[in-house]
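Please examine the strand arrangement of the model shown below and the grounds for the terms used to describe it.

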Amino acid sequence: PTSLEESEKMVRHTTPVSSELYVQAGAFSNYGNAARLRTSLARLGQSKISEIQVKGRKFYRVRIGPVESVTRADTILEALASKGNEEAMIVVQ
């Protein structure tokens, strides 16, 4: 057999990467706006603000979590959407 055929028969074992599930409620260029949103989300679960850089600009992400299940993340997402937050999304990190 050629080396290509041999390589197709090889099985590679990798260690799964641990990940966590979050609901991103918003991202703001102004920290005050992020802090206000975080305060308003207290009833939905633990939330945090993290600073990120996108194309040289600073943003503050507001995320709820880590969330224990996709079902719980969906429930949080629905609650945010019902309050007019159509940009909220589920994020795996």
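Q: What makes the strand order of the open sheet β2-β3-β1-β4?

A: Strands are DSSP runs of E with at least two residues, helices are runs of H or I with at least four, and both are numbered from the N terminus. Two strands pair if DSSP finds at least two bridges between them. In this predicted model, where local features need pLDDT of at least 70, side-chain atom pairs count only at pLDDT 80 or more and totals for chains, interfaces and linings use all residues, the open sheet has 4 strands with antiparallel pairing. Residues are numbered from 1 along each chain as its sequence is written, and side-chain values use heavy atoms, without hydrogens and water.

Q: Why are β2 (47-54) and β4 called edge strands?

A: Each of β2 and β4 pairs on one side only.

Q: How do you know that β1 is joined to β3 and to β4?

A: Antiparallel β1 and β3 (residues 57-67) are joined by 6 bridges, and antiparallel β1 and β4 (residues 89-92) by 4 bridges; because the criterion is at least two bridges, both counts qualify as pairing. Gln 24 has Arg 63 as its bridge partner in β3, while Val 23 stands opposite Ile 90 in β4.

Q: Why is β1 described as largely enclosed by the rest of the structure?

A: Buried means under 20% relative accessible area, exposed over 50%, and partly exposed in between, with a 1.4 Å probe and protein chains only. In β1 (residues 21-28), 6 of the 8 residues are buried, so the strand is largely enclosed.
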